[in-house]
Amino acid sequence: MELIAVYPGSFDPITFGHLDIITRSSALFAEVIVAVVRNPQKTPLFTLEERVEQIKEVVAHLPNVRVDSFTGLTVNYAQMQGARVLIRGLRAVSDFELELQMAHINKTLAKDIETVFLTTKTEYSFLSSSVVKEIARLGGAIDHLVPPSIVAALECRYGNKSVKISD
Ligand code: ADP
């Protein structure tokens, strides 16, 4: 069966942790839709449109990955796309409780949709979009945490050049 999977999230901004989950998912499923959630309760650093463009750029080399955005319930969006799978990344036990609750709730809303958890690569288990934003805001090195285009976007947003550690 050709399975379509949706990977939903805020991606504010996308990190190497997200990218690792996307790359590994793209090897497992026929199509992966990276779906940026419009959440009116959160105030993101980058607009929805900016985040979609940022992700498109960094997944351009993966032919079966598509980038989209949506509002409302993730399971409704997944069903509209003909997807049977929701992908979520697990970093530490701290992620588990909320993710488990969401998976159960989503199952009550849509029986035909399965949540698949991929565990993070060890080196990204500490990595989150919030941590990246905080380091960037304070002018620290982030080039080992996010792709170069995101380093540039964050430098531009915070108006400072971050230190580089990779050269
Ligand atoms: P949300 O607001 O839905 O948590 P995020 O953009 O923070 O959106 O995360 C989207 C998904 O990516 C979540 O399943 C999250 O656990 C996962 N994720 C975030 N950071 C990492 C990482 N460093 N490694 C693996 N998965 C991650």
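**Terms and values**

Guide: The largest pocket holds about 1,200 Å³ of space. Of the 45 residues that line this pocket, Pro8, Gly9, Ser10, Lys42 and Arg88 are the closest to its centre. The model is predicted, so local features need pLDDT of at least 70 and side-chain atom pairs count only at pLDDT 80 or more, while totals for chains, interfaces and linings use all residues. Residues are numbered from 1 along each chain as its sequence is written, and side-chain values use heavy atoms, with hydrogens and water left out.

Visitor: What makes a set of points a pocket, and what is its volume?

Guide: On a 1 Å grid over the protein atoms alone, a pocket is an open set with protein on both sides within 12 Å along at least five of seven lines; a cavity is a set where a 1.4 Å probe fits but cannot get out, and lining residues have an atom within 4 Å of a point. Points are joined across faces, edges and corners, and the volume is the space filled by probe spheres set on them.

Visitor: Which element gives the largest share of the lining of the largest pocket?

Guide: That is α4, with nine residues. Helices (H or I, at least four residues) and strands (E, at least two) are DSSP runs, numbered from the N terminus.

Visitor: How do the residues of the lining divide into nonpolar, polar and charged?

Guide: There are 19 nonpolar, 17 polar and nine charged residues in the lining of the largest pocket. Ala, Val, Leu, Ile, Met, Phe, Trp, Tyr, Cys and Pro count as nonpolar, Asp, Glu, Lys and Arg as charged, and the others, Gly among them, as polar.

Visitor: Why is Phe16 called partly exposed?

Guide: Buried means under 20% relative accessible area, exposed over 50%, and partly exposed in between (1.4 Å probe, protein chains only). Phe16 has 21%, so it is partly exposed. Phe16 is found in helix α1.

Visitor: Why is β4 described as largely enclosed?

Guide: Five of the six residues of β4 are buried, so the rest of the structure largely encloses this strand. β1 is mostly covered too, with five of its six residues buried.

Visitor: What makes β1 and β4 a pair?

Guide: Two strands pair if DSSP finds at least two bridges between them. β1 and β4 have two bridges, in the parallel sense. Ala5 stands opposite Val85 in β4, and the bridge partner of Val6 in β4 is Leu86. Six bridges join β4 to the parallel strand β5 (residues 114–119), where Ile87 stands opposite Val116.

Visitor: Which hand has the crossover from β4 through α4 to β5, and what defines it?

Guide: This β-α-β crossover is right-handed. The term applies if, with the strands pointing away from the viewer, the path from the first strand over the helix to the second runs clockwise. β1, α1 and β2 also make a right-handed β-α-β unit.

Visitor: What does Phe16 touch?

Guide: Contact means heavy atoms within 4.5 Å. Not counting residues up to four places away in sequence, Phe16 touches Tyr124, Leu127, Asp143, His144, Leu145, Val146 and Pro147. The C-alpha atoms of Phe16 and His144 are separated by 8.1 Å, although the two are 128 residues apart along the chain.
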